[in-house]
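Grab a pencil and have the viewer open.

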Amino acid sequence: MTRPLLFLMLLFLALSPARAQQVLTFSADGERVAGEGSSGDGAELRFDWEAETKIGLLLGEPVVSARFRYALQGGTVTLPTSTALGASRYETHSLASLPRSAMDLIKLYGVRLRLDFRGDEGDFHLIVDVGRPGPAGDWSFNVPGSPDWGTLFRGPGSTLEDPRYLSAGRAREEVRRGLTLAAGSIVEAHVTLLRLHQWYERENPDYHLKAYGAAIHHLEDGVRVSYGYNETTPEALETVFIKSVRDRLDFVASYERRYRKLLDIPDRFRTGGNHAPYEVARDQARRMIINARERAPRFESDQVNPGALHDRGHPPRFDGSGVAAAEPKGSTGQPKAPSGADQAETDGCRVRLFQHCEKPFNGTIEKAMFVAFRSSDLPADLCDTGFMALGYQRKTDDFTHPLDFPAQHMSEMQGLLRGFARHMTREHPECRIGAASSPTLQIIPPDPAHSRWTCTTDPKPLPHSVQICSGF
């Protein structure tokens with residue numbers, strides 16, 4: 001991580017009983033954070049950022065709060081490649097080659113700031129955690145803390161791992177006098193590409209272009225033999241590897257439209273009586289696409305799961321402005337992973353995916369319902385149209401949905417549901433899925449009557465009223 005030139009601005013507020021806080025703001029351009037782990041090797045984000053730190057008193061004790069936001073400026077990311085099917089391989093791509101929606105899947109975490117101060121008795125500094133950074137452009141979730149006076153400021157010779165704190169008496173005196181900010185910088189930051197990798201594994205244009213290309217050629221042969229039309233689709237694979245990821249995804253979309261057009265040509269073109277070759281080609285093409293989706297290569301990503309980083313943010317309050325809301329004394333402010341084996345979702349817009357099936361258990365056939373939830377990384381307006389459902393027929397690759405299903409989110413929700421269906425086929429092959437039971441996605445708006453949705457990790461099949469976590 002580089003140390004860019006800092007542009008500082010200090011807004012000083014004297015520590016009086018009515019205004020017992022100081023607000024310190026600072027920013028920097030051209031920060032760089034490298035990817036981590038084998039699946040992140042070669043990634044590097046470049047971004048500009050700004051931060052705000054509040055230091056004040058509550059009942060004579062210190063309260064510290066920080067928030068942070070950033071703007072992506074460029075860099076590289078890693079994405080899975082299907083060059084060798086089934087291999088866990090990653091290659092680097094320019095950040096600018098991604099669609100905007102994919103950039104939003106990149107997450108910063110574990111950001112800590114260093115604030116350097118000038119004092120009459122020597123320089124000192126403060127290390128503060130910014131909480132959980134939001135998407136690019138949004139402020140982080142604020143995590144105020146209430147450290148002891150004796151662990152508030154660090155003196156000369158300190159490192160992140162080996163702090164040398166100022167005495168409690170001097171720390172009180174420095175705050176009483178008013179703090180003079182000399183510099184501010186990021187001393188620790190991490191990036192996780194897990195959501196980006198999961199999205200690309202699902203949408204991998206190189207893999208799906210091959211699948212759609214093969215299915216289209218089958219359909220073209222069927223149309224030619226049955227009806228005499230010489231349909232030819234331009235070969236995208238000849239130029240796709242020099243295109244951006246965004247362009248390659250557009251190629252896939254055009255191939256999918258071409259596939260669906262050839263799969264169901266209008267009746268006026270079905271002349272003569274030699275329909276069998278076309279019907280055989282249709283069945284083969286459908287099966288090729290279904291098999292391709294179910295056998296798509298899986299990639300092992302060693303990136304941190306952002307869903308395990310718990311939000312603990314709330315705004316701080318100081319003397320003169322009400323009751324404090326701060327972490328307990330000694331808290332580092334670091335996000336913590338949720339405890340317990342069961343998964344749970346809180347209030348807010350969420351997506352629920354589920355599949356009923358019959359599963360052998362102890363020599364008998366038991367009913368089971370596998371379920372997965374999504375409540376993070378969802379479009380902001382996903383729940384604006386209210387409760388919605390989307391069904392998927394794996395054999396025909398068809399979807400069923402209400403007429404008012406939000407069209408702008410159709411493609412993303414279809415991809416999520418296809419991925420869940422593929423997961424069920426791969427991870428629970430012993431389930432005998434009935435003809436009337438298909439993978440289903442529900443968009444569930446916030447509802448106080450259902451403040452918590454849970455699933456159990458107990459592997460035993462249970463009645464449908466109990467949901468078994470699918471692990472998807």
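**Exercise 1.** Work out how helix H4 and helix H6 run relative to each other: roughly parallel or roughly antiparallel?

*Solution.* Step 1: find helix H4 at residues 205-227 and helix H6 at residues 276-294. Helices (H or I, at least four residues) and strands (E, at least two) are DSSP runs, numbered from the N terminus. Step 2: look at the axes of H4 and H6, which come within 7 Å and cross at roughly 175°. Axes are lines fitted to C-alpha atoms, for helices over the stretch in contact, and angles run from 0 to 180 degrees between N-to-C directions. Step 3: so H4 is roughly antiparallel to H6. The cut-offs are these: under 35 degrees is roughly parallel, over 145 roughly antiparallel, 65 to 115 roughly perpendicular, and the rest oblique. Step 4: sort the residues of the H4 and H6 contact, and you get 17 nonpolar, 5 polar and 2 charged. Here Ala, Val, Leu, Ile, Met, Phe, Trp, Tyr, Cys and Pro count as nonpolar, Asp, Glu, Lys and Arg as charged, and the others, Gly among them, as polar.

Before you go on: this is a predicted model, where local features need pLDDT of at least 70 and side-chain atom pairs count only at pLDDT 80 or more, while totals for chains, interfaces and linings use all residues. Residues are numbered from 1 along each chain as its sequence is written, and side-chain values use heavy atoms, with hydrogens and water left out.

**Exercise 2.** Now do the pair H3 and H4: at what angle do they pack?

*Solution.* Step 1: helix H3 covers residues 194-203. Step 2: H3 and H4 pack at about 10°, and their axes are 6 Å apart. Step 3: that makes H3 roughly parallel to H4. Step 4: list who meets whom: Tyr200, Arg202 and Glu203 of H3 are in contact (heavy atoms within 4.5 Å) with Pro205, Asp206 and His208 of H4. Step 5: the residues of this H3 and H4 contact split into 2 nonpolar, 1 polar and 3 charged.

**Exercise 3.** Which residues of helix H2 are buried, and where do they sit around the helix?

*Solution.* Step 1: in H2, residues 168-177, the buried ones are Arg170, Ala171, Glu174 and Val175. Buried means under 20% relative accessible area, exposed over 50%, partly exposed in between (1.4 Å probe, protein chains only). Step 2: looking down the axis of H2, these residues fall within an arc of 135°, so they line one face of the helix. The arc is that of the directions from the helix axis to the C-beta atoms. Step 3: the buried residues of H2 pack against strand E2 (21-34), strand E3 (44-58) and E7.

**Exercise 4.** Compare Thr53 with Asp283: buried or partly exposed?

*Solution.* Step 1: Thr53 is in strand E3, and its relative accessibility is 0%, so Thr53 is buried. Step 2: among the residues Thr53 touches are Val23, Leu24, Val64 and Val128. Step 3: Asp283 is in helix H6, and at 48% relative accessibility Asp283 counts as partly exposed. Step 4: the side chain of Asp283 makes a polar contact of 3.4 Å with that of Arg286.

**Exercise 5.** How many helices and strands does the chain have?

*Solution.* Step 1: count 7 helices and 16 strands. Step 2: of the chain's 472 residues, 46% count as buried.

Conventions. Polar contact = N/O pair within 3.5 Å; in protein donor to acceptor, adjacent residues only side chain to side chain. Lists of a residue's contacts leave out its neighbours within four places in sequence.
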